[in-house]
Amino acid sequence: MPEPITPVTFPPAFLWGAATSAYQIEGAVREGGRTPSIWDTFSHTPGKTAGGETGDIAVDHYHRYRDDVALMAELGLSTYRFSISWSRVQPTGRGPAVQVGLDFYRRLVDELLAAGIKPAVTLYHWDLPQELEDAGGWPERDTAFRFAEYAQIVGEALGDRVENWITLNEPWCSAFLGYASGVHAPGRTEPVASLKAAHHLNLAHGLGTSALRAAMPARNSVAISLNSSVVRPLSPGDPADLAAVQKIDDLANGVFHGPILRGAYPETLLAATSSLTDWSYVHEGDLRAIHQPLDALGLNYYTPTLVSAADASVLGPRSDGHGASDHSPWPGADDVAFHLTPGDRTEMGWSIDPTGLHELIMRYTAEAPGLPLYITENGAAYDDKPDSDGRVHDPERIAYLHGHLAAVRRAIADGADVRGYYLWSLLDNFEWAYGYEKRFGAVYVDYATLTRTPKSSALWYSQAARTGTLAPTETN
Ligand code: FCB
């Protein structure tokens with residue numbers, strides 16, 4: 001007799017969403033006064049993205065946003081997380097806003113609200129205006145002040161109709177993939193600059209949070225989305241492996257949540273990086289500025305990280321999951337080795353382990369008591385293709401989503417205050433250094449015609465969103 005299946009049911013107020021980001025979907029990179037961001041420059045530099053692909057057209061969401069909102073409404077989504085292209089609303093990263101740029105987002109938001117879908121705005125999802133990079137980029141202190149000005153502009157323009165705000169998406173990627181391993185824009189490989197970038201991103205978050213609060217009604221919520229890693233030791237009983245975990249945990253997590261949630265960088269991080277930097281770019285008052293009360297915390301989760309102590313001399317090229325590089329994205333951690341985590345893998349090569357999501361949620365429930373949590377990204381890439389009948393069947397993605405949503409539900413049962421979940425991603429899109437090779441969408445995009453076709457996972461997720469209950473999958 002097969003085991004009876006207990007349905008997994010969520011609290012009625014739980015929000016069911018999907019997420020995207022501007023450069024990955026909008027296209028229209030030269031319209032309405034938009035100027036290049038670091039991702040335009042990087043993707044147009046030979047050798048930086050798979051097949052030299054760029055976001056020039058992406059999935060043309062800039063022109064098709066109405067249809068995309070209609071699709072979300074059809075799927076019964078309760079919320080949608082998207083990001084604003086900074087160079088669309090403030091092209092040089094300084095000075096007055098371009099109304100055409102802001103109008104695009106006003107129309108998008110109005111369309112969402114009319115469809116009963118709650119917008120959640122991310123101000124920065126990695127696309128710094130190129131002029132600010134030319135002036136030094138995130139390693140330059142002034143960039144944090146420029147971000148605060150931009151936050152004020154967008155807060156004033158949309159604060160009356162958008163309640164949920166996220167300052168930065170995954171500052172770890174901006175700092176360490178952008179400035180240390182160089183697999184992301186702007187492609188620099190300067191370990192010390194990457195640590196400065198991390199501090200200035202923290203400062204940008206703090207100053208941006210204050211700017212948003214000053215510009216918007218008090219009822220609005222301000223959060224940040226961290227890709228906090230679940231770091232596990234290869235040999236749990238080995239003190240050297242546990243020391244490696246501490247090092248990577250500090251560089252992945254503590255470097256952000258230390259100042260943001262507690263107002264201090266971890267002592268262990270400062271010690272581990274002391275041969276590289278004295279952190280003198282942390283000025284008097286910065287930690288106070290960064291340590292703002294938050295209304296919520298966004299967690300992005302895909303896969304855990306497995307590490308051990310290592311002899312630096314035996315390490316080969318590093319992969320951090322977003323692309324291979326000879327340069328490490330972990331400054332000061334040359335004595336740490338990274339291992340393939342066990343389990344089935346997605347098309348990214350990332351192992352599938354929903355226990356990591358449960359662990360992550362419980363960690364932040366303990367570290368930030370009382371702070372509501374949202375899973376602001378979670379999902380999987382598979383090599384989806386339409387069948388002869390034109391339908392796209394993706395049972396692996398359904399199994400991935402089921403497993404991870406069930407982990408969220410377990411965490412809620414264990415006392416975590418998780419208010420919502422955003423599937424990454426609504427649509428297949430430009431997956432950074434991988435170009436269009438990796439499909440994360442619940443909705444399939446034919447890149448030749450830009451036609452959208454909901455995959456079977458979109459229909460499964462839609463049922464979950466409408467009923468608050470996960471339908472069993474073929475694998476459970
Ligand atoms: C996250 C990014 C998102 C997408 C997913 C797969 O790190 O925030 O834009 O690339 O990974």
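This section describes the ligand site, the strands beside it and several backbone features of a predicted model. Because the model is predicted, local features require pLDDT of at least 70 and side-chain atom pairs count only at pLDDT 80 or more, while totals for chains, interfaces and linings use all residues. Residues are numbered from 1 along each chain as its sequence is written, and side-chain values use heavy atoms, with hydrogens and water left out.

For Gln 24, a polar side-chain atom is 2.8 Å from an oxygen atom of the ligand, and for His 125 the distance from a polar side-chain atom to a ligand oxygen is 2.8 Å. In the side chain of Glu 377, an N or O atom is 3.0 Å from an oxygen atom of the ligand. Taken alone, the ligand exposes 290 Å², and the protein buries 99% of that area. Accessible areas come from the Shrake-Rupley method with a 1.4 Å probe, and for residues only the protein chains shown count as cover.

Glu 377 also has contacts within the protein. The side chain of Glu 377 makes a polar contact of 3.1 Å with the side chain of Arg 81, and a polar contact of 2.7 Å joins the side chains of Glu 377 and Tyr 302. A polar contact is a pair of N or O atoms within 3.5 Å; within protein, one must be able to donate a hydrogen and the other to accept it, and residues adjacent in sequence count only if both atoms are side-chain atoms. Glu 377 is buried, with a relative accessible area of 5%. Buried means under 20% relative accessible area, exposed over 50%, and partly exposed in between (1.4 Å probe, protein chains only).

Glu 377 belongs to strand E13, which spans residues 373-378 and has 6 of its 6 residues buried. Helices (H or I, at least four residues) and strands (E, at least two) are DSSP runs numbered from the N terminus. E13 is joined by 4 bridges to strand E8 (residues 297-300), and the two run parallel; two strands pair if DSSP finds at least two bridges between them. Within this pairing, Asn 300 stands opposite Glu 377. Strand E14 (residues 418-424) also pairs with E13 in the parallel sense, over 4 bridges, with Leu 373 opposite Val 418. Together with helix H14 (residues 395-413), E13 and E14 form a right-handed β-α-β unit. A crossover is right-handed if, with the strands pointing away from the viewer, the path from the first strand over the helix to the second runs clockwise.

Strand E3 (residues 79-83) is largely enclosed by the rest of the structure, because 5 of its 5 residues are buried. In a regular strand the side chains alternate between the two faces of the sheet. In E3, Thr 79, Arg 81 and Ser 83 point one way and Tyr 80 and Phe 82 the other way. E3 runs parallel to strand E2 (residues 15-19), to which 3 bridges join it, and Gly 17 stands opposite Thr 79. E3 is also joined to E4 in a parallel arrangement, by 5 bridges, where Tyr 80 stands opposite Pro 119.

Two cis peptide bonds are described here. One joins Ala 185 and Pro 186, with omega about 5°; Pro 186 lies in the loop between helix H8 (171-179) and helix H9 (191-215). The peptide bond from Trp 424 to Ser 425 is also cis, with omega near 10°, and Ser 425 is placed in the loop between E14 and strand E15 (443-445).

Positive phi values occur in residues other than glycine. Phi of Trp 126 is near 85°, and this residue is found in the loop between strand E4 (118-124) and helix H6 (130-134). Trp 126 counts as buried, at 5% relative accessibility. Phi of Trp 279 is near 60°, and Trp 279 sits in the loop between helix H11 (267-272) and helix H12 (286-290). At 7% relative accessibility, Trp 279 counts as buried.
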